[in-house]
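Dear colleague,

Please find the structure below for your records.

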Amino acid sequence: MKKYICWKSVGNLFLIIAQFSFLLYPAVINGYPLFYSDSASYIVSGFEGNVPIDRPIVYGIFVKLFSLSVSLWPVIIVQALIVVLLSYLTFSFFTTSKRSLFFSFITIFLLSALTGLPNYVSQCMPDIFTGILIWAVVLLFFSAKQKTTLFLSSIIIFSSLVHFSNLLTFTILAIILVLFVLIIKQWRSYKLISLRLILLVGISWILQPTINFIFTREFFISKSGNVFLMARLIETGIAKDYLIENCGDKNYSLCNSIDKLPEHAWQFLWNDDSPLYEGNCSENGGWSNCWIEKQQEYGDIIKDILLTPEYMKKLIKVSFSDFFKQLTDFDIGHLTKQGKDSGFDPIIKKYFVDYPRYTQSEQYNKDLFFETESKIQKMAVFISVIIVIISGLWFILCRKRIGTSITIFVFGIVIGLLINAANCSFFASVLNRYQGRLIWLLPLIASLFFFMFYNSRINRKCKA
């Protein structure tokens, strides 16, 4: 008996370690954690304690806390740990607990082989927490133990605070899930969980400005919302139409740049020759001072546009069209070279002991492309959609025996995917990274359906 327990423990340990290796293999192949172009801002914000004008500081604090000023490897290991735990909890809730670790092992292997999940886990970026947020919110409905509920609640709050869009996604998702529980007449069963979810939304909205106050002595959620939305309005062409019509009566700084407005939102936000940085605004406080100085002006323009039916109709029409583009644009994309000539080199050298390992990584010397992985992911998502539809019909026919739990799980994740695409298409832009960071949730559902069916067949054989 003791030998059996010992071998079982060894086997379980192997399954756990294997899941980490699956999720972190892109970083292992690269020789160092992966970077997106925005990673530098997050790293610096945490170590210097400065709230960036264009993003929250929470993920930066997370990086500083877990890196221990030694290496970024612990940061992505913690990200992998969260994914492994959520996967284990998922199968613990919906299948036989004795097999949940094995089912989780197979699922993580499939997601790592067929989707971009490991790429986002391996990046020093908060992108992975968009999918984690939706996943944890849905799992909260099935948590019966206090420790599990506390863990999921902590993950939800943290995930909602690492990116501005996550807070909005969380709020909308929570509201829809509570309404869904009412519609399917399950309020009595999920009343406590629904109230807890609403409470978590309130806590998140309070925590965001509170954290900013601690570091800046100013109580605010974001100082850059108007700039981001203006970039979106410029990309849609609505801002140009508005300026042409109103610049004769109003003296906006953008009136001098009507013919020089960039085509894409990212060009307006980040290009040095953008109208956003025209004038003397950057002389006192750098580029971020331009965002602060022009925030009010852009806010006035945005308000005027949103209150004008003609422009509002056009914005809704464009956003609706871009919504479908965003929903189906989830290529893994590529990561640009972040070596000696980039802003990362002095940052890694300054804050981390393992700088030599960073200089030996592939991304230090070249761009990283994932074209083959993107093609595989497209096929995996397509097959997953078919599996989810077929399985959904099967579960509907068996609803009396299955119950409503799987319905809530699938509904919550699918709605989360739709909300993310809608938020990005309305407030930001169409970018493969925005949907790619959480599209792996669809194959996750397909895997869960398969193992639930497999588990039920085994249980029936055992009873027979």
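The protein has 23 helices and two strands, taken as DSSP runs (helices H or I, at least four residues; strands E, at least two) and numbered from the N terminus. This is a predicted model, in which local features need pLDDT of at least 70 and side-chain atom pairs count only at pLDDT 80 or more, while totals for chains, interfaces and linings use all residues. Residues are numbered from 1 along each chain as its sequence is written, and side-chain values use heavy atoms, with hydrogens and water left out.

Of the 464 residues, 53% count as buried (under 20% relative accessible area, with a 1.4 Å probe and protein chains only).

The axes of H8 (residues 146-161) and H10 (residues 187-216) come within 9 Å and cross at roughly 45 degrees, the axes being lines fitted to C-alpha atoms over the stretch in contact and angles running from 0 to 180 degrees between N-to-C directions. The contact (heavy atoms within 4.5 Å) is made by Thr149, Ser153, Ile156, Ile157, Ser160 and Leu161 of H8 and by Arg196, Leu200, Ile203, Ser204, Leu207, Gln208 and Ile211 of H10.

Yours sincerely

Key: Buried means under 20% relative accessible area, exposed over 50%, partly exposed in between (1.4 Å probe, protein chains only).
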